[in-house]
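The following paragraphs lead the reader through a structural model. Please consult the sequence and the coordinates alongside the text.

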Amino acid sequence: MNGRPLVQLAILFGSLSLISIGGANVLIPEIHRQVVETYAWLDSASFTRLFAISQAAPGPNVMLASIIGWHIAGLSGLMVATIAILTPPAIIALLAGRGIRHWSGSRAIRVFTGGLVPLALGLMLASGVVAARAASGGLAGYMITGAVGLAVFFTRRNPLLWMGLGMIAFMLAQRL
Amino acid sequence: MSAGPAPPPRLQDLFLGFLKIGLMGFGGVAAVARHVIVVERAWLDDEDYGQLIGLCQALPGANTVNAAVMLGDRYRGLAGALVCVVGIMAAPLAILVAAATTYDRIAGYPLARLALTGAAVSAAGLVLGTAAKLLVRARPSPISWACAAAALIAVAAFRVPLPWALACLAPLGLAGAAWSSRRR
């Protein structure tokens, strides 16, 4: 197998992982830009479908990187992309976890989380908007995105239920 | 951490606990992670868990993977951290390979494409709903609300690259949080 995509995958996801404050879902717009526009590995529609599979699958949301790696370079691509997006944050978490045992200053942590968590969540909202746009589902698509969003926001049911209903509703809307 | 008399969990307990979190995390791992760590295994109490996840949310990387690293390291050092991460990733990766293989086989069919577009617009709603829920729950200060809104507008409307958005807004968010915590 050609080694170059593997190196590119490692560099792309390794560097993006360092700015994935709040989780890999904040990276959706950036991954879309890089994978579709910069590297042209995928068209926007294929990206959308891989995004859908990665959200429906169980597990941490880094799975988007894994499935893109799979699509580009098979099993070795999946492993490289997964390890690349996991390792830098894991090292930071390890050091942070060890450091916290020695810090008494809980105010520093309060400022740190209070300052960054809302920002990360704002970025995650942007990810949802970009993903909805990339899906190109038309008016029906936007309406279902909004309905699923409201359902997840206002209820405590498993979000997978709403995702399944949304998918069925979209298929019916397109076929009618 | 409340230093109870309970011995630290063994490596195989950590592995099995996080394997379960990965396996059961359909629709998001957050809820099942809390259940396994706090209720079922009693590795942490609710307050410690809340603090751990709060910190993980502000660090780069997936929250539950960060929590896995920190918990594993706390109880069993580097080996513990590694075992927890492998545990949480093993089942989801296997399921993902199965899903991706199926996808490669059916991607040509129009009905499959339609279904996946439907799943994608729904998944976008899931991301939006989850983020909005967490944002309200975080009770941001007015400055933090402004930061979140600025991040949303910059990236969604103006497609500002993420590194730039973070470089501009993270110092602002931190300064705001420092200021409001001083007033308290």
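How many disulfides are there over all chains? With a disulfide taken as a pair of cysteine sulfur atoms within 2.5 Å, the count over all chains comes to 0. A disulfide is a covalent bond between the sulfur atoms of two cysteines. Cys56(B) cannot form one because its sulfur lies 12 Å from the closest cysteine sulfur, that of Cys84(B), which is too far for a bond. Cys84(B) is likewise in no disulfide, the nearest cysteine sulfur being that of Cys56(B). Cys56(B) has a relative accessibility of 0% and counts as buried; Cys84(B) is buried too, with a relative accessible area of 0%. Here buried means under 20% relative accessible area, exposed means over 50%, and partly exposed lies in between (1.4 Å probe, protein chains only).

The model is predicted: local features need pLDDT of at least 70 and side-chain atom pairs count only at pLDDT 80 or more, whereas totals for chains, interfaces and linings use all residues. Residues are numbered from 1 along each chain as its sequence is written, chains are lettered from A and ligands numbered from 1 in the order in which they are written, and side-chain values use heavy atoms, with hydrogens and water left out.

Chain A contains 7 helices and 0 strands, and its pattern along the sequence is α-α-α-α-α-α-α. These elements are DSSP runs numbered from the N terminus (helices: H or I, at least four residues; strands: E, at least two). The C-alpha trace of chain A spans about 60 × 45 × 25 Å along its principal axes. Of the 176 residues in chain A, 57% are buried. Among contacts in chain A with a separation of 6 or more, 59% are between residues 24 or more positions apart; a contact means heavy atoms within 4.5 Å.

Asn25(A) lies in the loop between helix 1 (4-17) and helix 2 (28-38) of chain A. With a relative accessible area of 9%, Asn25(A) is buried. Leaving aside residues up to four places away in sequence, Asn25(A) touches Gln55(A), Asn61(A), Met124(A), Ser127(A) and, in chain B, Val127(B). With Gln55(A) there is also a polar contact between the two side chains, at 3.2 Å. Such a contact is a pair of N or O atoms within 3.5 Å; within protein, one must be able to donate a hydrogen and the other to accept it, and residues adjacent in sequence count only if both atoms are side-chain atoms.

Finally, Met79(A) is found in helix 4 (residues 63-100) of chain A and is partly exposed, at 39% relative accessibility.
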